Number of protein chains: 2
Amino acid sequence: MKKKRPGGRSARVRSAVLEATLAELAAGGYAGLSFEAIARRAGVNKTTLYRRWGTREELILDAMLELGARRVPIPDTGSLRRDLFEYGAAIAAGSRSPEIEPLIRAIASIGDRNQALAEASRRFWAVRLELASQMVDRAIERGEVAPGTDPALVAELIIAPIYFRLLLSRDELDESFVERLAAQVAPVN
Amino acid sequence: MKKKRPGGRSARVRSAVLEATLAELAAGGYAGLSFEAIARRAGVNKTTLYRRWGTREELILDAMLELGARRVPIPDTGSLRRDLFEYGAAIAAGSRSPEIEPLIRAIASIGDRNQALAEASRRFWAVRLELASQMVDRAIERGEVAPGTDPALVAELIIAPIYFRLLLSRDELDESFVERLAAQVAPVN
């Protein structure tokens, strides 16, 4: 396969198309997403779009991988509760951004019959939880948390309620909630 | 407004339409959901459908309220960890049923601009978390959990990771996961 330089035409097309995909998702949601509108907004040919992505799911998947490359910083304040709070607050704020929220809803709407997306999601979250686990690893080293604790599970207890509220219960996602959440998950202050 | 008996024609139409909606969601997801196909499957007129529900979101909302009326039993085993495990295992199994999963994905895909659905979701989950809180209330009474604990937040820590895995990370939702989850959330066995 011919390798394209990041600044080349191919990369510019991809970037324009993914940006247009996010804008169209924000405007009409996944149910209303059309190749026609994305091509128009991105200023590319519809056939280019079909050749490169083929389905809406592939577009969503590519947008997820693109945005997922932006790392959430892992705090290291010396207190697990504080770390979890700062991390959770960043996730909550990010998930509500007008660019990200429609993408998350689109991903959630796609069932596991789409194996490429399911597999990419699994990998994406495994990496993210592994990174977030560092906060718990350090707390174990400091003796703040019992050594038998599963770091990835603790990280999941901070991340999951944020997406549960965003996607399903639509309950408050403010800092006071994240504070209560972090206090419950890391009982030692 | 004329009151219809539960067994009357109006109730039969509603039940046929909601059943057809779930079947269509299971077949093609929310993005492919059409009034045409639902009307055909339910054996009703498309105009009847439009008159009564108007939008796809209203159909989804009505299906959610219908299925939401089925209560998840609240276990009372004398151990919080065991209660949370049994409750979580029931939620996980239910969420993966071919009838429920596509509905949950459809609900997650709809943004908060649809205020009727957002409001109904808030109420639905507030009731469900309140019911689940009883497990924690009893554990506080037994002295198993500190009195300051927020019962609804503990319930949310069991429920949220299940939907996070279903909708986003697509990680395992088996009983061994729910067991580890319950042990983390209720450290005292």
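Predicted model: local features only at pLDDT ≥ 70, side-chain atom pairs only at ≥ 80, totals over all residues.
Biologist: Start with a pair inside one helix. Which residue does R82(A) meet in a salt bridge?

Modeller: R82(A) meets E86(A), with 3.1 Å from N to O. Now look at the spacing. The two residues sit 4 apart in helix 5 of chain A, residues 80–95, so about one helical turn separates them.

Biologist: Are R82(A) and E86(A) buried or partly exposed?

Modeller: Take the relative accessible area of each. R82(A) has 41% and counts as partly exposed. E86(A), at 30%, is partly exposed as well.

Biologist: And across helices? Which residue forms a salt bridge with E66(B)?

Modeller: R14(B) does, and the closest N and O atoms are 3.0 Å apart. This pair links distant parts of the chain: E66(B) is in helix 4 (residues 56–68) and R14(B) in helix 1 (residues 9–28) of chain B, 52 residues apart. E66(B) is partly exposed at 38% relative accessible area. R14(B) is partly exposed too, at 24%.

Biologist: What about E36(B): which residue is its salt-bridge partner?

Modeller: The partner is K46(B), at 3.2 Å between the closest N and O atoms. E36(B) belongs to helix 2 (residues 35–42) of chain B and K46(B) to helix 3 (residues 46–52), 10 residues apart. E36(B) has a relative accessibility of 46%, which makes it partly exposed. K46(B) is partly exposed at 29%.

Biologist: Pairs can also join up. Which residues are linked with D112(B) in a network of salt bridges?

Modeller: R96(A), E101(A), R105(A) and R170(A) are linked with D112(B) in that network. Note the chain letters. D112(B) sits in chain B, in the loop between helix 6 (100–109) and helix 7 (115–141). Leaving aside neighbours within four places in sequence, D112(B) contacts R96(A), R105(A), R170(A) and A118(B). The relative accessible area of D112(B) is 25%, so this residue counts as partly exposed.

Biologist: Where does R170(A) lie, and is it buried or exposed?

Modeller: R170(A) lies in the loop between helix 8 and helix 9 of chain A. R170(A) is buried, at 5% relative accessible area. Check the backbone next. Phi of R170(A) is near 55°, a positive value in a residue other than glycine.

Biologist: What is phi of R170(B)?

Modeller: Phi of R170(B) is near 55°, again positive in a residue other than glycine. R170(B) is in the loop between helix 8 and helix 9 (175–185) of chain B. Its relative accessible area is 4%, so R170(B) is buried.

Biologist: Step back to S169(B). Which residues does S169(B) touch, beyond those up to four places away in sequence?

Modeller: S169(B) touches S121(A), R122(A), W125(A) and F164(B). S169(B) belongs to helix 8 of chain B, residues 151–169. With 3% relative accessibility, S169(B) counts as buried.

Biologist: How far apart are the mean positions of the positive and negative charges of chain A?

Modeller: They are 10 Å apart, for 28 positive and 25 negative charges.

Biologist: Finish with the fold. How many helices and strands are there in chain A?

Modeller: Chain A has 9 helices and 0 strands. Its C-alpha trace spans about 60 × 40 × 30 Å along the principal axes. Of its 189 residues, 50% are buried. For contacts in chain A with a separation of 6 or more, 67% join residues 24 or more positions apart. Chain A exposes about 9100 Å², of which carbon and sulfur atoms supply 51%.

Note on methods:
Residues numbered from 1 in each chain as written. Chains lettered and ligands numbered in written order. Heavy atoms only, no water. Buried < 20%, exposed > 50% of the residue type's maximum accessible area, 1.4 Å probe, protein only. Contact = heavy atoms within 4.5 Å. Areas by Shrake-Rupley, 256 points an atom, 1.4 Å probe, with all protein chains shown as cover. Lys, Arg positive; Asp, Glu negative; His and termini not counted. Charge placed at Lys NZ, Arg CZ, Asp CG, Glu CD. Salt bridge = Lys/Arg side-chain N within 4 Å of Asp/Glu carboxyl O.
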